[in-house]
Amino acid sequence: MTKVDAHVISPEEYDEIPELTDEMFARANYIVGGKVVRRGRPPKETPKVPVTLRLDADLVERLRAGGQGWQSRVNETLRKAAGL
């Protein structure tokens, strides 16, 4: 079995290597200490907990009718009802 990194690139082969673009760097994984550093939003100190809850269909329809953010509004309503 031949090692993949056993090949030494000759000067003529450098012309075949595509030039790195900003788009390529944007898709690349950033690795520190052998671990991939996650991009995007940092984790919250108090993350939400997914739950399964069975509610009446007409109630869910009414809540969703309020548009985007309906789950956050339900969360706030429950916090108020629980006295938090």
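This is a predicted model: local features need pLDDT of at least 70, side-chain atom pairs count only at pLDDT 80 or more; totals for chains, interfaces and linings use all residues.

Q: What percentage of the residues count as buried?
A: Of the 84 residues in the chain, 1% count as buried. The cut-off for that label is under 20% relative accessible area.

Q: And the radius of gyration, what is it next to that of a compact globule?
A: The chain has 26 Å, whereas a compact globule of 84 residues would be near 12 Å. Along the principal axes, the C-alpha atoms fill a box of roughly 70 × 30 × 30 Å.

Q: What secondary structure is there, and in which order?
A: The chain has 3 helices and 2 strands. Starting at the N terminus, the order is α-β-β-α-α.

Q: Change of topic. How many salt bridges does the structure hold?
A: The structure holds 1 salt bridge. The side chains of E23 and R27 form it, at 3.2 Å from N to O.

Q: Where do E23 and R27 lie?
A: Both are in helix α1, which covers residues 22-27. They are 4 residues apart, or about one turn of the helix.

Q: Is that pair buried or exposed?
A: E23 counts as exposed because its relative accessible area is 55%, and the cut-off for exposed is over 50%. R27 is exposed too, at 58% relative accessibility.

Q: What about F25, where does that one lie?
A: F25 is also a residue of helix α1. Its relative accessible area is 53%, so F25 counts as exposed.

Q: How far is F25 from E61?
A: F25 and E61 are 44 Å apart in space, C-alpha to C-alpha. In sequence they are separated by 36 residues.

Q: On to surface patches. Which residues make the nonpolar one?
A: V49, V51, L53, L55 and L59 make it, and the patch is about 510 Å².

Q: Which residues form the positive patch?
A: R41, K44, K48 and R79 form the positive surface patch. Of these, R79 lies in helix α3.

Q: How many charges does the chain have, and how far apart are their mean positions?
A: There are 14 positive and 13 negative charges.

Q: Last one: where is L84 found, and is it buried or exposed?
A: L84 is found in the segment after α3, the helix that covers 70-81. L84 is exposed, with a relative accessible area of 68%.

Q: And how far is L84 from V74?
A: The C-alpha atoms of L84 and V74 are 14 Å apart. In sequence, the two residues are 10 residues apart.

Terms used: Residues are numbered from 1 along each chain as its sequence is written. Side-chain values use heavy atoms; hydrogens and water are left out. Patches are made of residues with over 30% relative accessible area and no salt bridge: like charges are joined within 9 Å, nonpolar side chains (Val, Leu, Ile, Met, Phe, Trp, Tyr) within 5 Å. Accessible areas come from the Shrake-Rupley method with a 1.4 Å probe; for residues, only the protein chains shown count as cover. A salt bridge is a side-chain nitrogen of Lys or Arg within 4 Å of a carboxyl oxygen of Asp or Glu. Buried means under 20% relative accessible area, exposed over 50%, partly exposed in between (1.4 Å probe, protein chains only). The radius of gyration is taken over C-alpha atoms; the globule rule is 2.2 Å times the number of residues to the power 0.38. Lys and Arg count as positive and Asp and Glu as negative; His and the chain ends are not counted. The place of a charge is taken as NZ of Lys, CZ of Arg, CG of Asp or CD of Glu.
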